[in-house]
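Hi,

Here is the structure I promised to pass on. Have a look at it, and then read my notes below.

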Amino acid sequence: MNSQQIFEIAPSILSADFARLGEEIRAIEAGGATVLHFDVMDGHFVPNITIGLPVLESVRKATDLTIDAHLMIEEPSRYAVKFVEAGANMVSVHVEADVHLQRTLTAIREAGGQAGIAINPATPLTALEEALPFADFILLMSVNPGFGGQKFIHTSIDKLRRLRRMIDERGLQTRIEIDGGIDAGNIRKIVESGAEIIVAGSAVFGKGKPTEAVKELIDAAAVWA
Ligand code: DX5
Ligand code: ZN
């Protein structure tokens with residue numbers, strides 16, 4: 001455990017009230033969130049459909065937070081750069097969805113974005129090895145993507161620790177983001193295990209008090225406290 005470790009809270013607006021998105025964003029800013037997680041689903045890669053480029057353009061105008069677009073879509077190479085152009089600072093594509101991953105990551109970087117690889121719970125970490133030097137961050141899924149409010153898959157802690165080792169052993173600066181089933185009860189262990197960007201959807205927006213919920217997560221995760 002590193003007492004200097006910096007972590008960021010990335011509320012997922014998937015669980016927000018879309019009719020009041022501006023207010024919801026201001027509420028998480030007030031709580032101390034620094035990243036806005038933007039879940040894009042196409043009804044093919046995952047069984048759900050959510051939001052896309054036009055919503056991103058509007059959200060970009062409404063906040064200075066880092067916008068983190070998580071593309072849960074087939075053929076992400078067709079859209080990844082468009083998300084950077086629409087205002088996303090970080091864009092992740094699933095390793096399971098892209099057979100030319102290195103090319104897509106490089107295109108995201110060349111467009112000025114931070115490039116991320118998202119990885120599903122059942123996909124082994126070895127699938128990341130060759131592309132790791134081309135990624136700015138890894139988005140480790142701790143639920144199967146598609147819906148908010150699912151239960152954290154407990155084996156994700158061990159996978160997270162192994163990913164941390166894999167990055168550190170290679171001397172890389174790749175950041176680790178984790179997504180799915182995170183709340184005030186498990187966030188501390190997750191931060192201690194090496195995650196730096198913590199996505200939380202229902203834990204932030206589920207109880208109608210997003211400002212307080214973000215603060216609660218920050219307090220619960222403060223491993224130096
Ligand atoms: C799941 C999404 C997540 C989701 C997290 O497919 O990628 O970002 O919004 O929601 P919670 O925190 O409720 O699991
Ligand atoms: Zn997500």
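This is a predicted model: local features need pLDDT of at least 70, side-chain atom pairs count only at pLDDT 80 or more; totals for chains, interfaces and linings use all residues.

By class, how many nonpolar, polar and charged residues does the shell around ligand 1 have? The shell has eight nonpolar, 10 polar and two charged residues.

Residues are numbered from 1 along each chain as its sequence is written, chains are lettered from A and ligands numbered from 1 in the order written, and side-chain values use heavy atoms, leaving out hydrogens and water.

Back to the ligand. Of the 20 residues around ligand 1 (a heavy atom within 4 Å of it), Gly146, Gly149, Asp179, Gly201 and Ser202 come nearest.

Now the polar contacts (pairs of N or O atoms within 3.5 Å):
- A backbone N or O atom of Gly146 is 2.7 Å from a ligand 1 oxygen.
- For Gly181, a polar backbone atom lies 2.8 Å from an oxygen of ligand 1.
- Ser202 uses a polar side-chain atom, 2.6 Å from a ligand 1 oxygen.

On its own, ligand 1 has 380 Å² of accessible area, and the protein covers 99% of that (Shrake-Rupley method, 1.4 Å probe).

As for secondary structure, β2 gives the most to the shell around ligand 1, with three residues (strands are DSSP runs of E, at least two residues, numbered from the N terminus).

Enjoy exploring!

How values were computed: A polar contact is a pair of N or O atoms within 3.5 Å; within protein, one must be able to donate a hydrogen and the other to accept it, and residues adjacent in sequence count only if both atoms are side-chain atoms. Helices (H or I, at least four residues) and strands (E, at least two) are DSSP runs, numbered from the N terminus. Ala, Val, Leu, Ile, Met, Phe, Trp, Tyr, Cys and Pro count as nonpolar, Asp, Glu, Lys and Arg as charged, and the others, Gly among them, as polar.
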